[in-house]
There are 2 protein chains.
Amino acid sequence: MSQIHDLVRELREPNNSKIVLLVADGLGGLPLLPGGKTELETAKTPHLDDLAKIGVSGLSVPVLPGITPGSGPGHLGLFGYDPLEFRIGRGILEALGINFQVGPRDVAIRGNFCTLDASGTISDRRAGRPSTETCVEVCKILAKIEVPGAEIFVEPVREHRFVLVIRGDNLGDRVNDTDPQIVGAKPLLASGADDASKRTAEIINQFVEKATRALIDQAPTNGITLRGFARHPAIASMHDVYGLRSAALAVYPMYRGLARLVGMEILETGPTLETQVDALKAAWNDHDFFFLHYKYTDATGEDGNFDAKVKATEAFDAIIPAVRALNPTVLIVTGDHSTPSKMKSHSWHPVPTLLSADTCRTDAVTTFGESACLQGGLGQFEAKHLMLLAMAHAGRLGKYGA
Amino acid sequence: MSQIHDLVRELREPNNSKIVLLVADGLGGLPLLPGGKTELETAKTPHLDDLAKIGVSGLSVPVLPGITPGSGPGHLGLFGYDPLEFRIGRGILEALGINFQVGPRDVAIRGNFCTLDASGTISDRRAGRPSTETCVEVCKILAKIEVPGAEIFVEPVREHRFVLVIRGDNLGDRVNDTDPQIVGAKPLLASGADDASKRTAEIINQFVEKATRALIDQAPTNGITLRGFARHPAIASMHDVYGLRSAALAVYPMYRGLARLVGMEILETGPTLETQVDALKAAWNDHDFFFLHYKYTDATGEDGNFDAKVKATEAFDAIIPAVRALNPTVLIVTGDHSTPSKMKSHSWHPVPTLLSADTCRTDAVTTFGESACLQGGLGQFEAKHLMLLAMAHAGRLGKYGA
């Protein structure tokens with residue numbers, strides 16, 4: 001994929017085109033009964049159907065057939081970064097999810113509060129699932145801890161979960177989880193697999209020791225376990241790869257964070273689709289590429305609420321005319337993965353995708369849905385190739401070879 | 001891909017089958033208006049439609065989704081050479097295009113005549129676009145130059161363009177372009193990035209110095225710039241990879257040259273499709289694999305002439321009965337890329353492809369066209385895999401593993 005990035009850098013040509021990528025999170029679904037319709041097929045989506053008529057449709061495979069992606073790999077693929085090559089560690093994703101701006105000198109770690117008994121062994125791995133308010137209070141105690149050689153950040157997530165970030169020079173992330181994954185054992189000592197990671201482990205072990213002392217009166221949240229040590233990934237920006245001035249219109253911190261990871265500018269927007277479209281209009285002249293993220297097709301799927309996902313899809317459909325009114329050169333509608341409400345979870349099923357542009361080869365597809373997309377001209381394709389198609393249809397890729 | 005070549009070498013089995021690959025250059029197209037028909041779909045192609053009925057259809061992706069290939073990568077893919085792995089430099093392609101037979105000791109370079117002012121700076125990068133006659137005459141002057149350590153060939157292309165080939169031992173091609181790409185600057189000195197390329201650069205700098213003296217009275221064609229230094233690529237022959245005695249029936253030098261690069265025998269043919277088919281018949285018993293190249297589907301597309309491309313496609317259709325009369329074991333019809341007349345250029349759109357053989361799994365496709373091929377049994381596939389399908393349907397590939 002870095003090879004593909006090199007190819008793009010070699011072939012790309014600047015122009016005044018505008019590319020809009022609309023991502024309805026978890027867009028793909030399943031019928032509740034065999035032979036039935038999916039959420040997308042049930043929804044009334046006249047505007048998406050219009051787009052399907054003039055555009056070209058297909059199904060994108062987020063990672064590989066059968067592989068269910070999390071939000072990180074799902075979005076990286078759509079941005080043209082091979083999700084098998086570019087991995088975002090759990091600590092980083094957790095930090096992105098609470099809007100913590102991770103930097104190149106940071107190691108981010110997911111933390112859990114646990115309950116330790118008098119001998120220091122874990123009696124409850126989730127500290128009795130404390131309230132988020134408790135989590136916030138106990139994190140304040142941890143945030144006061146100082147360890148030489150690193151700046152320490154402790155940020156609450158919710159219930160027993162928090163994020164720990166250590167910032168310093170030459171810190172590695174090849175550090176074992178301190179969570180033993182069972183009750184009745186003591187938290188493990190951290191150890192590093194290389195010199196930089198040994199520095200991290202030393203800082204962590206000091207931190208944990210001080211934390212255990214500081215929390216001694218805070219039972220059941222009197223211990224911590226740590227996992228998913230992860231540095232900020234070395235990842236080229238969208239501008240570096242594609243030459244695109246890129247901007248994100250996302251409400252949830254996780255997606256703003258993912259967009260920031262690949263160098264997009266994060267635009268201010270209100271919490272609704274309408275405010276996102278307003279922000280898109282306002283920024284139209286300042287960027288070449290716009291990523292708009294919509295969460296509720298995923299959230300309703302995760303809830304297992306078929307009807308709510310149908311409604312969320314219809315709300316998404318309603319913004320299409322306003323986006324089309326901006327006359328983007330290339331307009332893409334897709335999802336980062338499927339979230340069938342039948343499964344109440346992300347899934348591996350290919351994701352309905354459509355692309356509309358003057359240079360697209362129209363197919364016979366006239367509605368936007370999983371079955372219809374099977375007949376589409378994009379076929380089934382790897383999500384990581386979507387940006388090549390976007391760039392090509394925008395006239396931004398020159399000829400390869402003479 | 002070399003990995004795939006190794007696999008083919010391991011599995012291939014000789015037999016008496018005949019494979020014919022008919023390449024209509026730039027075959028794929030676009031409708032002029034959304035929902036309309038492409039050039040191929042507009043053309044009356046009863047013979048191709050008959051083949052589609054008994055064969056299996058699909059769409060080939062020349063390089064990657066969204067990547068528009070030049071003729072070199074487009075054809076390499078069809079011959080089963082990964083176009084991202086095997087790159088043909090511009091100097092080599094330029095030499096192939098004028099039928100210059102580049103060899104393993106050659107470095108081929110594209111040359112431009114330019115105009116130098118009294119101080120030696122470039123005042124016109126194309127020397128006022130001289131006539132091709134002038135180009136021929138001035139090349140004769142350059143061809144007389146001798147430089148120790150290399151044989152020198154200077155061949156006119158047209159207008160301000162010529163090909164320079166230096167032939168010698170251990171000459172590298174990692175040499176910078178001497179064309180500064182702007183007027184008001186002097187041509188750059190050549191320098192090499194490794195020992196072999198330093199030898200090339202030294203020869204080139206001597207050649208340019210002598211050329212500038214020899215052309216002193218030839219203004220406006222009194223200077224030269226050079227670019228695209230390229231050695232003959234290290235590429236295994238079709239015979240070495242597939243065990244096929246391969247032959248090419250191509251009219252234009254570029255395609256004869258590309259076929260020669262992969263070790264095909266270049267058969268003599270007149271300039272028309274009919275003479276190409278006659279030459280095919282005449283050579284039928286002497287080869288296992290025949291590549292027939294037809295230029296006018298591309299040339300008319302590049303001209304933006306939809307109707308002319310339709311007519312060129314119909315002319316191509318007319319030769320199918322004569323080819324089928326030879327009873328090839330495998331008959332493939334495809335293009336090296338799309339050239340939609342709407343775009344007046346090569347494009348990235350997948351290329352209609354059909355394969356007919358006794359062993360093919362027939363699909364429901366009954367006409368040959370972009371939309372129909374979408375429903376075909378070959379699906380959308382990478383062009384570099386086409387030769388595997390050809391070999392398999394010819395019964396020339398044994399089982400992989402027990």
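Predicted model: local features only at pLDDT ≥ 70, side-chain atom pairs only at ≥ 80, totals over all residues.
As for the contact itself, the copies use different surfaces, and 5% of the contact residues of chain A recur in chain B.

Now, let me walk you through chain A. The chain is divided into domain 1, covering 2–87 + 235–393, and domain 2, covering 92–231. Taken over C-alpha atoms, the centres of these two domains are 35 Å apart. Their contact takes 6 residues from domain 1 of chain A and 5 residues from domain 2 of chain A. On the domain 1 side, helix 9 (residues 253–261) of chain A gives the largest share, 5 residues. By class, that side of domain 1 has 3 nonpolar, 2 polar and 1 charged residues.

Last stop, the sheet. Chain A has an open sheet of 8 strands with mixed pairing, in the order 9-8-10-1-11-12-2-13. Strand 9 (265–266) and strand 13 (379–382) of chain A are at the edges with a single partner strand each, so one side of each is left without a neighbour in the sheet.

Further in, strand 2 (residues 56–61) and strand 12 (residues 351–356) of chain A run antiparallel and are joined by 5 bridges. If you'd like a spot to look at there, A:Ser60 stands opposite A:Val351 of strand 12. Thanks, everyone!

Key:
Residues numbered from 1 in each chain as written. Chains lettered and ligands numbered in written order. Domains from an automatic or database assignment. Contact = placed C-beta atoms within 7 Å. Helix = DSSP H or I, 4+ residues; strand = E, 2+ residues; numbered from the N terminus. Nonpolar A, V, L, I, M, F, W, Y, C, P; charged D, E, K, R; others polar. Pairing = 2+ DSSP bridges.
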